Amino acid sequence: MKIRGKFFFDGRDKFYLKGVTYGTFRPQPDGYLFPDKDIIDRDFALMASHGFNCVRVYTVPPVYLLDLALEHNLKVMVGLPWEQHITFLERDTTRRDILRRIKEGVYACQHHKAILCYVVGNEIPATIVRWYGKTKIEAFLKQAYHAVKSIEPDTLVSYVNYPTTEYLDLSFFDFDCFNVYLETPEKLSSYISRLHNLTTDRPLVLAEIGLDSHRNGELLQAEILTWQIKTIFAKGCAGMFVFSWTDEWWRGGSEILDWDFGLIDRQRHAKPALYAAQKAMNSIPLEVNEDYPFFSVVVCTYNGSPTIRDTMEGLQKLEYPYFEVIVINDGSTDHVADIVKEYPVKLISTPNQGLSNARNMGMHHAQGEIIAYIDDDAYPDPHWLHYLAYAYRNSTHGCIGGPNIIPAEDGPIAMCVANAPGGPVHVLTTDEIAEHVPGCNLTVRKDVLLQIGGFDPIYRNAGDDVDVCWRIQDAGYTIGFHPSALVWHHRRNSLKSYWKQQKGYGKAEALLEAKWPEKYNGFGHLTWQGRIYGNGLTIPVKFKKDRIFYGTWGSALFQSVYQSGGFINSIPLMPEWYFLSALFAIIGILGFIWWPLLFAWFPFVVSVFMVVMQAAISASRNSTLQPHQKRNYKYKSLIIALHVIQPVARLYGRLKHGLTPWRKRGMDFDLLVLFVFGKHIFSYWSEKWRSSEEWLTLIENDLMNNKTRVRRGKEFDTWDLEVRTGLFSSSHGVLAVEDHGGGKQFLRFRCQTYYNLHGYMLCATLCGLAVLAAMSGELFVGGIFWLMFSIAVYRYLIETAQCLNSLYLAFHSLGDVDVQPGIPKVIALKTKPALRERVREYEHHEETMQDGMVAEVKMEAIRD
C-alpha cells in the first residue's frame with residue numbers, strides 16, 4: 001500500500017478505506033483480545049460481503065487473524081497499545097518499555113501482506129498532553145514512529161488523534177487519523193474541512209465514526225451512518241472506520257453493556273445500520289446524477305509538448321460522466337498540436353497572444369456551465385470533477401479551486417523546487433472559503449466569468465489567476481476550496497527555468513500592484529487577509545511561541561493552536577531585506593575610511609544569518625520529502641539554496657517592472673494645491689442627497705481608479721480613509737455631512753498627515769552620521785550621508801504632498817460622473833488627458849479591437 005497525495009493506492013489503483021473497527025473483546029486463554037478463530041472467520045466473511053475492505057484492531061492481532069483477513073481480501077490497521085492514559089513520560093524506563101513493546105508488536109506482524117498500517121496510539125488524553133506540553137508529546141510520538149520504521153521502513157504509520165488535541169503537529173506521520181463523533185451533517189462537513197487544512201496534502205482518515213443505537217435506536221443509527229459515510233467521502237477523505245462491528249466491547253477489565261455501537265448485535269444479528277453502510281459505500285466518492293453540472297475542461301498550452309501528453313492521458317481517465325475538453329494552442333512552435341490531435345478533444349489554434357487571451361478563448365468556446373482550467377504541465381486525479389461537482393452543487397461559490405501536488409516520479413530538482421518558495425499556493429480565509437486559488441487548478445462558473453469580463457489580457461504568463469479571483473470577489477461572489485479536488489502538477493526541473501519563473505512572478509506582482517494598489521502595503525507586498533497554504537513557504541524566525549486555546553481548565557472540546565507572528569516577523573521574508581543587507585555592507589565598506597562604521601558589519605552578518613536560518617528552518621519543517629530524501633543532505637542543501645535565491649529572482653522581476661520601494665503611487669501633486677504640514681479642511685456643496693457611506697465610496701473609488709493605495713477605517717479607527725503613496729507617510733481623511741433640507745448637503749472633509757516613526761528614525765540617523773563624520777574630519781563620508789539625508793527628507797515631503805493632494809482631488813471630483821461599486825477595474829485616470837482619451841477610445845471600440853491592442857493600451861496606462 002502506497003500514498004500519493006491525499007489518497008492510498010494499491011498498485012496503480014486508488015484504494016478508499018471502507019473500514020470497521022473490531023474489538024476489543026473478552027481476553028482468551030492465549031491472551032489475545034479477540035474471539036475464537038471460527039467466529040473471526042464468519043465475521044470477516046460478512047464484512048467482505050457487505051462492502052468493507054479494512055478492519056481496525058486496537059491490539060496486536062494473532063497471525064491467524066491476519067491470515068483470515070488476507071483470505072477475505074481485508075486490510076488490517078493494527079493498533080500498538082500502550083499506557084497513554086497515564087503520565088507516561090515521568091520515567092525513562094517507562095518510555096523505553098513503551099518503545100520496546102511497540103517494536104515487539106511490529107515484529108509479531110512483520111511483513112504480513114494483510115497489514116494496511118500501524119497506529120502508535122489512540123487519543124492521548126488532553127490533560128496528559130497539556131501536562132507535558134505539545135513539544136514533548138510530539139517528540140515521543142516521533143520516537144514511536146521511528147521505532148516502527150526501524151523494523152518495517154516501507155510500512156505506513158499513523159497516530160489516531162481527536163478534536164481535543166488537534167493542535168499537535170504530527171506531520172511526520174504518513175497520514176492523519178481522527179476519531180470524530182458529530183451528529184449533524186453541517187457540523188461534520190465543516191469539521192472535515194478544518195481537518196483537511198490541518199493535514200494539508202496527506203490523506204485524512206476518520207478512524208472512528210458511528211452512533212449508539214442503545215440510546216438512539218437502530219433506525220436513527222442507520223440514518224445517521226448513511227449521511228456520515230456519504231459526507232466523509234464526498235468531502236475528500238481517504239477513508240473511514242465505522243465504530244464498531246459488533247455490540248461486544250470489552251474495556252478496563254469488564255464488558256461494556258450500556259453502549260451499542262455495533263453494526264451487528266451480540267448474537268451476530270445484523271442491524272439496519274449494516275445495510276445502510278453497505279449502500280452508502282456502493283458509490284464512492286459520491287453518486288453522480290443528471291442534476292450535476294456539465295464541465296468544460298480548458299487546457300491552455302504554449303510549447304507544452306514535454307508534459308501535455310500526461311495532461312491528455314489524465315483527462316481521459318476522469319470518471320465523471322459530464323464534461324468536454326478544449327485545448328487552446330496559443331501559437332506554439334513545437335509539435336504540441338500533433339500530440340493533442342491523438343485524443344478526442346477540441347483543439348483550437350491561435351497566434352501567440354498570452355495566457356489570459358488563451359483562457360478567454362476557452363471561455364468563449366465552452367459549452368459547460370462550469371469552466372475548469374488546468375495547466376499543460378498538470379494532470380487531474382480521476383475524481384477531480386466529482387469533488388468539484390459536489391462543491392458546486394452544495395454551495396453558491398462563483399469559483400472553486402483545489403490543491404496541486406508534485407508527482408512522485410518527478411526528478412530531484414523538481415522535488416526540491418516543489419518544496420521551495422514561489423510555488424502555486426492557495427490562500428484560505430476560512431476552512432472552506434478562499435481568497436485565492438492558483439490557475440493550474442481553477443474552476444469558475446461561466447456566467448460569473450463572463451460577468452467580470454474574463455481574464456485581463458495584460459497578464460501574459462502569470463498573475464491572471466490572482467486578478468480574476470479578486471474581481472470575482474469584488475463582484476460579490478465567494479471562492480471555495482475542495483482539498484481533494486487535486487491535480488498533479490509538474491514543477492520546474494532545472495534551476496534556470498526556476499529562476500526564469502520567479503522573475504516572471506516578480507513582473508506579475510508589478511502589474512498586479514499597479515492595478516490593485518490597495519491590496520499592497522508600503523513595501524509593495526500583498527497583504528492577504530487569509531492564511532497561505534502549501535509547501536515551500538519560508539517560515540520566519542519566531543520570537544514568541546504559538547498559543548494554544550485550551551479552554552477554561554483545559555475543558556474545550558476543540559483545542560486549536562494560534563500562530564504568533566506580525567509585521568516584525570515578516571520583514572526578513574521580503575525580497576527587499578536584501579537591500580537592507582546591501583546597505584549595511586556599503587556602510588561597512590565606508591568603515592575602511594571612517595572606522596566607526598565598521599560596526600555596520602555586525603548587523604550585516606545578522607541580516608544574512610536571518611535569511612539562512614529561515615531557509616534552514618523551512619527546509620526542515622515545511623517540506624514533503626520522502627524519508628530517504630530527508631536523509632540525503634543534497635536535497636536539504638538545494639532547498640535551502642532555493643529559499644535564499646528565490647527572493648533575489650523575484651526582486652529582480654519586481655524592480656525591472658517598476659515595483660520598487662521608492663515607487664510613487666497616486667496622483668501627481670500640483671504646486672497650487674501643495675499641502676504638507678498640519679490639518680486641512682475642504683468643503684463641497686451638493687444639490688443631491690447621498691448617505692455618508694455613498695460619499696465615502698465615491699471618494700474611495702476615485703482614489704482607486706487613480707491607482708492610489710487606499711484603506712478603509714475599521715471599527716475602532718477615528719478616520720474614514722487612509723491614503724499611502726510611499727514608505728514614509730500617510731494621510732487620513734474624515735468626512736462630516738451637514739443636511740440642509742430639500743436634499744441639499746454641505747460636506748466637510750478633514751485631512752491630516754501622519755509621519756511614520758521609521759522615517760523619523762532614518763532621517764535622524766543619517767543626519768547624525770553626517771554630522772559626526774564631518775566633526776571627525778571625514779568630509780567625504782559626511783557628504784555621502786548628508787546626500788542620503790537630503791534624499792530621505794525630499795521623499796518625506798513629496799510623499800506627504802501626494803497623499804494630501806490625492807485626498808484633495810478625490811474629494812473635489814465628487815461633482816464628476818459617479819463610479820459605481822462592483823464594476824470591473826479598467827483604466828480611468830483624471831490626470832493624464834491624452835491617455836484618458838486613448839482609454840475612452842478603447843472602451844468605445846472594445847468589441848472591434850484586437851486583444852493585443854487592448855493589452856498595449858492597458859499596459860501604457862498602468863506604466864503611467
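Colleague: Of the contacts in the chain with a separation of 6 or more, what percentage comes from residues 24 or more positions apart?
Modeller: They account for 74%, where contact means heavy atoms within 4.5 Å. Keep in mind that this is a predicted model, where local features need pLDDT of at least 70, side-chain atom pairs count only at pLDDT 80 or more, and totals for chains, interfaces and linings use all residues. Residues are numbered from 1 along each chain as its sequence is written, and side-chain values use heavy atoms, with hydrogens and water left out.

Colleague: OK, what's the mean pLDDT of the chain?
Modeller: The mean is 85, and 90% of the residues reach 70 or more; pLDDT is the predictor's confidence in each residue, from 0 to 100. Over residues 817-864, though, the pLDDT is below 50, and that stretch has 67 contacts in the model beyond near neighbours in sequence.

Colleague: Which residues touch the most other members of the largest nonpolar core?
Modeller: Y22, F44, F52, L206, I229 and W384 do, out of 136 residues. A core is a set of buried Ala, Val, Leu, Ile, Met, Phe, Trp, Tyr and Cys residues joined through side-chain atoms within 4.5 Å. There's also a second, separate core of 27 residues, including I326 and L428.

Colleague: What does F44 contact, leaving aside neighbours within four places in sequence?
Modeller: F44 is in contact with Y22, V55, L65, L68, A69, H72 and L74.

Colleague: Switching topic: how many salt bridges does the structure hold?
Modeller: The structure has 36, each a side-chain nitrogen of Lys or Arg within 4 Å of a carboxyl oxygen of Asp or Glu. One of them pairs D456 with K515, the closest N and O atoms being 2.6 Å apart.

Colleague: What does the pair D456 and K515 tie together?
Modeller: D456 lies in the loop between α15 (446-451) and α16 (464-474) and K515 in helix α17 (residues 495-515), so the pair ties together parts 59 residues apart in sequence.

Colleague: Is D456 buried or exposed?
Modeller: D456 counts as buried, at 5% relative accessibility. K515 is buried too, with a relative accessible area of 4%.

Key
Buried < 20%, exposed > 50% of the residue type's maximum accessible area, 1.4 Å probe, protein only. Helix = DSSP H or I, 4+ residues; strand = E, 2+ residues; numbered from the N terminus.
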